[in-house]
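Please look over the sequence and the structure before reading on.

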Amino acid sequence: INAEYGDDKTYWGWVGHGTSGNMEGVTPGRDEGGPLRVIVSRSHAGTVKETAQAAFDGREVTVTPAGGAGYKAIEVVENKQDVYVHTTIIKKWDICAGDAILRTLGGKQTDLRGNDINYSHNLDPKNEHGLIATMHDHETYREKLQGVSNS
């Protein structure tokens with residue numbers, strides 16, 4: 001992922017082999033009970049904020065709209081966001097690098113149904129069931145936020 005958002009860094013991860021040097025020392029944050037930080041597509045935010053507030057019993061929710069699936073994954077990896085949620089169809093080539101980096105560092109990315117995303121070349125290039133990416137408590141976030149899907 002080439003982050004052209006102020007820091008002009010390139011990030012990579014290869015499951016079982018390591019990550020780019022700028023990812024060394026990144027450790028998964030934990031949910032400390034403050035506002036739930038959710039990053040979403042600038043153009044597909046949907047009802048994420050309302051769904052998250054209801055699902056987390058009225059907890060304060062901060063939703064950050066942003067462009068670039070890779071950028072959003074890096075925000076989660078660097079513990080600047082708790083969860084990345086995408087509610088509509090997205091092309092797999094837009095999300096595969098973030099998935100590799102997340103998994104290399106112990107995080108997880110699935111569709112909103114909880115299925116791993118299959119990147120095989122002979123399959124449809126569209127991921128049609130949204131996605132959720134986290135560095136911790138993936139299943140808890142997924143269960144609570146699965147209702148945001150527009151698919």
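## Confidence of the model

For the protein as a whole the mean pLDDT is 87, and 93% of the residues reach 70 or more. Helices (H or I, at least four residues) and strands (E, at least two) are DSSP runs, numbered from the N terminus.

Residues are numbered from 1 along each chain as its sequence is written, and side-chain values use heavy atoms, with hydrogens and water left out. Because the model is predicted, local features need pLDDT of at least 70 and side-chain atom pairs count only at pLDDT 80 or more, whereas totals for chains, interfaces and linings use all residues.

## The enclosed helix α2

Helix α2 (residues 69–77) is largely enclosed by the rest of the structure, because eight of its nine residues are buried. A residue is buried under 20% relative accessible area, exposed over 50% and partly exposed in between (1.4 Å probe, protein chains only). The buried residues of α2 are A69, G70, K72, A73, I74, E75, V76 and V77. Their cover includes the strands β5 (36–41), β6 (61–66), β7 (83–86), β8 (90–91) and β11 (131–134), together with helix α3 (92–104). Just after α2, N79 adopts a positive phi of about 60°.

A73, a residue of helix α2, is buried, with a relative accessible area of 2%. Leaving aside residues up to four places away in sequence, A73 touches Y84, G98 and L102, where contact means heavy atoms within 4.5 Å. A73 and A100 are 27 residues apart in sequence, with their C-alpha atoms 10.0 Å apart in space.

## Nonpolar cores

A nonpolar core is a set of buried Ala, Val, Leu, Ile, Met, Phe, Trp, Tyr and Cys residues joined through side-chain atoms within 4.5 Å. The largest one has 21 residues, of which M23, V77, Y84, I101, L102, L105 and L131 touch the most other members. Two or more residues of this core come from each of α2, α3 and β11, and α2 gives the largest share, five residues.

Apart from this core lies another, of 15 residues, including F56, V61, I132 and Y141. Y84 has contacts, not counting residues up to four places away in sequence, with I39, A69, K72, A73, V76, I90, L131, I132 and A133.

## Salt bridges

A salt bridge is a side-chain nitrogen of Lys or Arg within 4 Å of a carboxyl oxygen of Asp or Glu. By this rule there are seven salt bridges. One of them joins the side chains of R37 and D82, at 2.9 Å from N to O. This pair links distant parts of the chain, with R37 in strand β5 and D82 in the loop between α2 and β7, 45 residues apart. R37 is partly exposed at 25% relative accessible area, whereas D82 is buried at 3%.

K80 and E75 also form a salt bridge, their closest N and O atoms being 4.0 Å apart. K80 is partly exposed, at 44%, and E75 is buried, at 10%. A network of salt bridges links E75, E78 and K80. In helix α4 (residues 138–145), R142 and E139 lie three residues apart, about one turn of the helix, and their side chains meet at 2.6 Å, N to O.

Methods:
pLDDT is the predictor's confidence in each residue, from 0 to 100.
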